[in-house]
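Me: I am new to this structure and would be grateful for a guided set of questions and answers. Please show it first.

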Amino acid sequence: MTNHNKSKKILLLYTLITLAFIVFLSVMFLTAINPRRMPSLYSIESSYAQRGSIISADGFHIATTKKLYKAVVNTRYIDPQKKELFVQLFSIYSGMSPKEIKKRIAKKRGVVVLSYNIPQIQAHYLKKLAYELRRFKVFMELKNSKTGMRSVHGLSIIESGESREYPYGKLLTPVLGYPIKFEEDGYTHIKGVQGLEKRYDGELSPIQDGYSRGKRDVNSYIILNKESFTKAKINGYDIKLTIPVSLQIRIEKMLDSMKKEFKAKEILLAIMDSSTGKVLVMASSNRYLPKSIKKSDYPSLNAAMTKYSFEPGSVIKPITFSLLLEHKLVNPYDLVNGHNGRFKMGRKLITDEHKFDWLSAQNVIVYSSNIGMAQLAQKLSGYEFYNGLRKFGFAQKSTPDLIYERVGSIPSSKRLENKIYKATCSYGYGMRANLMQLLRAYSAFNNSGVMVYPKIVDSLIDQYGQIKKIPNEEGVRVIKNTTAARMKKILIKTVNKGTGKKAITAGLEIGGKTGTAHIVEKGKYVRKYNTTFMGFANDAKHKYTIGVVVVEPKKSQFASQTAVPAFKKAVDIMIEESYLKPKN
């Protein structure tokens with residue numbers, strides 16, 4: 001019996017040992033076949049490239065990108081004994097009050113965002129703080145319940161997006177344009193939707209985000225050696241403009257003042273180098289803050305210099321006259337019947353503000369006679385007139401630097417065979433144009449017959465400072481040198497003797513032409529007007545084409561009392577800023 005019990009005990013012990021061994025082998029087998037959850041010896045870091053800046057000709061950053069960061073902490077890992085130290089240090093580095101930090105930490109046990117929209121410089125110092133907090137063991141090492149591994153999660157400073165900044169507020173709007181924000185993988189990006197921000201969105205946009213991978217140190221920072229890999233981030237190009245802030249800002253302030261004086265809806269003014277096409281000023285009295293657009297700003301979001309298409313009125317007369325000269329259809333000294341200010345052409349009654357019996361062909365321009373121009377224009381065939389207007393750039397894009405341009409319209413060559421259409425178009429009715437088209441056309445009179453393209457963007461600059469110049473668009477010869485010289489003399493006489501007298505500036509060569517045109521509303525002309533002055537201002541070394549449009553001035557319907565004074569003030573500012581130097 002005793003031997004039997006002894007045998008049973010030995011068998012039981014053997015069974016238990018066998019089972020224990022089987023369990024041991026099973027555990028070892030499972031451990032061998034399952035992936036081991038070891039902490040990674042490698043670390044990965046990424047950094048977002050950012051949008052380029054828009055820089056003025058005189059070096060001011062008028063649109064820049066600011067990187068934004070957020071501070072994240074896992075409150076479970078904060079050592080309770082060092083919690084107060086963490087709060088005080090984070091308060092010093094972030095500018096947040098200790099009370100606010102404690103409130104956010106107490107809200108949730110786990111991952112907490114302490115601060116959003118942290119500027120780049122502050123983020124740099126907070127990253128240093130994060131390193132020091134780890135070093136001083138402010139964060140505890142805890143065991144992960146799922147993996148069984150022990151780890152430390154400290155303070156993390158994470159890129160959250162970018163913000164577009166406009167340090168000079170409304171300056172150069174609406175030409176500058178504005179962007180919108182969009183989210184992608186938790187990061188806020190920027191995209192241009194209007195103006196230069198849209199036209200050069202491809203060049204301004206980030207080219208390549210940064211990426212680094214390599215072995216990590218105890219604090220999870222990448223050890224940079226031959227085994228690590230780094231892909232550099234490449235920011236978007238900076239865009240350098242031809243427009244200087246110093247001149248633009250003064251012109252804008254002047255337009256603000258004159259808008260009130262004239263009780264106008266808007267005033268537009270542009271200044272361009274007549275030889276190169278470089279634009280020095282593109283200004284509007286109606287501007288907005290790109291970062292805080294209000295409903296009242298909506299009508300001003302479009303750059304009216306290219307998007308406001310209107311019947312230009314008498315500023316078209318020099319264009320028409322130059323075509324007559326070019327085709328040798330008129331002599332400047334030919335006599336034209338003024339019909340004492342009233343002339344009926346078919347069913348169309350044409351009137352003049354000033355009454356003339358007879359006047360010379362060139363004085364039709366000087367004294368702005370609709371009757372004289374209507375008769376002279378009949379010498380042009382419909383094709384010659386149409387083709388001439390096209391050569392001068394009408395009904396076409398004026399500049400490659402802006403988008404969504406309203407190119408206006410001109411009558412067809414067939415329609416221009418009709419004497420009424422020919423007459424009205426000759427003095428700027430029955431066609432539409434914008435300010436930049438007129439500026440471009442008038443450059444031919446101040447540039448020996450060669451018309452230039454308005455140029456706003458001078459160059460692209462990469463993040464290393466390498467400059468890529470944007471070549472000028474090749475000028476187009478629209479009239480002969482001799483024709484341009486004759487037109488220039490007539491436009492100078494128009495200022496000295498005719499409707500542009502208020503533009504006279506001692507020591508400078510000033511020429512130009514006034515224009516006034518009714519506005520059409522619901523298919524009918526109403527008692528509202530646009531007034532225009534297109535001309536040039538030259539000294540011994542510089543030649544500038546300047547254009548002014550006053551939209552719906554209530555003070556006066558005459559360009560000589562609205563657009564011309566604005567032109568004169570712009571010239572005075574150019575003298576003060578040393579862009580023009582009058583002869584003594």
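Reply: Buried means under 20% relative accessible area, exposed means over 50%, and partly exposed lies in between. The structure shown is a predicted model.

Me: Is D572 buried, exposed or partly exposed?
Reply: The limits to apply are 20% for buried and 50% for exposed. D572 has a relative accessible area of 26%, so its class is partly exposed.

Me: Which class of accessibility does R250 have?
Reply: E577 has a relative accessible area of 26% and is partly exposed. R250 has 31% relative accessibility, so R250 counts as partly exposed.

Me: How many residues apart in sequence are the parts tied together by K291 and E165?
Reply: A search of the whole structure finds 21 salt bridges. One of them joins K291 to E165, with the closest N and O atoms 2.9 Å apart. K291 belongs to the loop between β14 and α8 (304-307) and E165 to strand β7 (residues 155-165), so the pair ties together parts separated in sequence by 126 residues.

Me: Is the pair of F533 and F567 stacked, tilted or edge-to-face?
Reply: The search for aromatic pairs in the whole structure finds 12. Planes over 60 degrees apart count as edge-to-face. The ring centres of F533 and F567 are 4.7 Å apart and their planes stand at 75°, so the pair is edge-to-face.

Me: Which elements hold F533 and F567?
Reply: F533 is buried, with a relative accessible area of 0%. F567 also counts as buried, at 0% relative accessibility. The pair ties together parts 34 residues apart in sequence, because F533 lies in strand β24 (residues 524-538) and F567 in helix α16 (residues 563-576).

Me: Over the face of which residue does K488 lie?
Reply: R199 lies over the face of Y200, at 4.4 Å from the ring centre. For K488, the distance from the ring centre is 5.8 Å, and the ring belongs to F536.

Me: Is G277 buried or exposed?
Reply: G277 is found in the loop between β13 (266-273) and β14 (279-284). Leaving aside neighbours within four places in sequence, G277 is in contact with M272, V452, Y453, P454 and K455. Its relative accessibility is 0%, so G277 counts as buried.

Me: About how much accessible area do L12, L16, L19 and I22 have together?
Reply: L19 has its place in helix α1 (residues 2-33). At 48% relative accessibility, L19 counts as partly exposed. L12, L16, L19 and I22 form a nonpolar patch on the surface, and their accessible area together is about 390 Å².

Terms used. Residues are numbered from 1 along each chain as its sequence is written. This is a predicted model: local features need pLDDT of at least 70, side-chain atom pairs count only at pLDDT 80 or more; totals for chains, interfaces and linings use all residues. Side-chain values use heavy atoms; hydrogens and water are left out. Patches are made of residues with over 30% relative accessible area and no salt bridge: like charges are joined within 9 Å, nonpolar side chains (Val, Leu, Ile, Met, Phe, Trp, Tyr) within 5 Å. Accessible areas come from the Shrake-Rupley method with a 1.4 Å probe; for residues, only the protein chains shown count as cover. A salt bridge is a side-chain nitrogen of Lys or Arg within 4 Å of a carboxyl oxygen of Asp or Glu. Helices (H or I, at least four residues) and strands (E, at least two) are DSSP runs, numbered from the N terminus. Buried means under 20% relative accessible area, exposed over 50%, partly exposed in between (1.4 Å probe, protein chains only). Contact means heavy atoms within 4.5 Å. Rings of Phe, Tyr and Trp (its six-membered ring) pair if their centres lie within 6.5 Å; planes under 30 degrees apart count as stacked, over 60 as edge-to-face and the rest as tilted. A charge sits over a ring if NZ of Lys or CZ of Arg is within 6 Å of the ring centre and within 35 degrees of the ring normal.
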